[in-house]
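Hello,

Here is the structure I said I would pass on. My notes on it follow below.

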Amino acid sequence: MRRAIVRVLVVVAVLVTVLTVATVAGNDFRLTTAEVSIPGPQGTLAGVVAQPEEGGARGLVVMIHGDGPVEATQDGLYTPWFEAAADAGFATLSWSKPGVGGSQGSWLEQSMADRAAEVEAVLDWARTQPDLPAGPVVLWAASQGGWVFPRVVADRPEVAAVVAVGTAVDWRRQGRFHLLAGLADRGADAAQTAREVAESDRVLALLERVAPYDEYARSTTDPMPADRWGFVLRNFRADATPELHAVAERGVPVHLMVGSHDRNVDVAETERVYRAALGDLLSVATFDAPHTLARPVVEDVAAVGVLTAVVRPRALLAPGVLDDYREWLRDVG
C-alpha cells in the first residue's frame, strides 16, 4: 500500500512539473509590456502598451473593444494578438473601458459617438509619447467596435488601416440575427420562436418610444439592469453604413476577419455591406471559428478553454488567425 501511494505521488509530481514547464513555455511571449495612464473624456483610463521585444516598432495598433466590461488585456486573452502585432513590427495600445480595471467613468453611459471620442483622445495622447512609434496607426476593432472605427477614420488622417474582427453593421438587425441564431442552436420550435420574436418586437417598440426603465421592466419577466437599458437606448439605432463611405473616401484599407460559425453577428451581411461601400479596399479572411475567432472546442467545452488559456493561450484562437493578422500587418505602410 505504501509503495502504491508513493508511485501515485511520483506520478502526480511529474504531471505537475510537466504542466508547470508547459505553462511557462506557453506564456513566454515575444514582447514587452508597460502600464500607462491615459486622459480620457470621463477621466483617467488604465492602459497597457505592448512593444516588440527588440524595440523599434514602426507603427501602432489601437484596440477598440467589443461589448461589455472589457479589461485592457481581456484578462490576458489579447496577449497573442499583441505578440502577432509585435512580430510584424507594431506596438499595441489598449485600455480598460471606463469603470473597468482602474479606468474612471462608466462604459454603460457611452454612446458609439462617445466611444469614438474616447479613441480620438487616446490617439491625441499617443502622439505626445516619445516611446510610442510615430508611424502608421492601425485600428483593431472587434464586434461592437464596428460602430466606432468608421467615425474615427473619418476624423483622423493618421489612421492608415483597420482590422475589423466580427464587426456588426446595424444594431437592430444584428440583435435579430443573434436572437434567431440562438433559438436555432437551442432547437426551439416554431411556437417558441414566435413568442420570443414577439417579445423582441415589444422591446424594440419601447426603445423607439424611449420608454422609461420602469415601463420596460414591467413588460418582461427577465429585464436587463437599468444601466444596460440606458446603454441600449443610446445605441440601438447605430448603423455603420453612412460612416463606411467616409472610410472609402479616405482610401483606408479594411481587413475583415470573421468566423464561419458566428452566432452573434451576421458576418455575411457585414461583408456584403463593407464590399458595397469599400470595394477593393476590403479584404476578408474567414476562419473555422465562432464570433470570438477562438477554436470551437475552446468555447464549447469550458474545461478545455480554461486549460488552454493557462497552458497555451496562443492556441485559444482558431488555426490561421494569428498568422493572417501578422502577415496582413506586415504589408501596412
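Ala 141 stands opposite Ala 164 in strand E6. Strand E5 (residues 137-142) and strand E6 (residues 159-165) run parallel and are joined by six bridges. Two strands count as paired if DSSP finds at least two bridges between them; strands (E, at least two residues) and helices (H or I, at least four residues) are DSSP runs, numbered from the N terminus.

Before the rest, the basis: this is a predicted model, in which local features need pLDDT of at least 70 and side-chain atom pairs count only at pLDDT 80 or more, while totals for chains, interfaces and linings use all residues. Residues are numbered from 1 along each chain as its sequence is written, and side-chain values use heavy atoms, with hydrogens and water left out.

The sheet is open and has eight strands in the order E1-E2-E4-E3-E5-E6-E7-E8, with mixed pairing. Strand E1 (31-40) and strand E8 (282-287) are at the edges with a single partner strand each, so one side of each has no neighbour in the sheet. From one strand to the next, the twist averages 20 degrees.

Helix H10 (residues 267-278) packs on this sheet and touches E6, strand E7 (254-259) and E8. The direction of H10 makes about 165 degrees with that of E7; axes are lines fitted to C-alpha atoms, for helices over the stretch in contact, and angles run from 0 to 180 degrees between N-to-C directions. Thr 270 is found in H10. Thr 270 is buried, with a relative accessible area of 1% (buried means under 20%, exposed over 50%, partly exposed in between, with a 1.4 Å probe and protein chains only). Leaving aside residues up to four places away in sequence, Thr 270 touches Thr 167, Ala 168, Val 169, Leu 256 and Val 265, contact meaning heavy atoms within 4.5 Å.

The largest nonpolar core has 60 residues, of which Leu 93, Val 119, Leu 139, Phe 149, Val 254 and Tyr 274 touch the most other members. Such a core is a set of buried Ala, Val, Leu, Ile, Met, Phe, Trp, Tyr and Cys residues joined through side-chain atoms within 4.5 Å. Helix H3 (residues 112-126) gives the most to this core, with seven residues. Apart from it lies another core of 35 residues, including Ala 84, Ala 85, Ala 142 and Leu 317.

Helix H2 (residues 79-87) has eight of its nine residues buried, so it is largely enclosed by the rest of the structure. Among the buried ones are Trp 81, Phe 82 and Glu 83. Just after H2, Gly 89 takes a positive phi of about 90 degrees.

Regards
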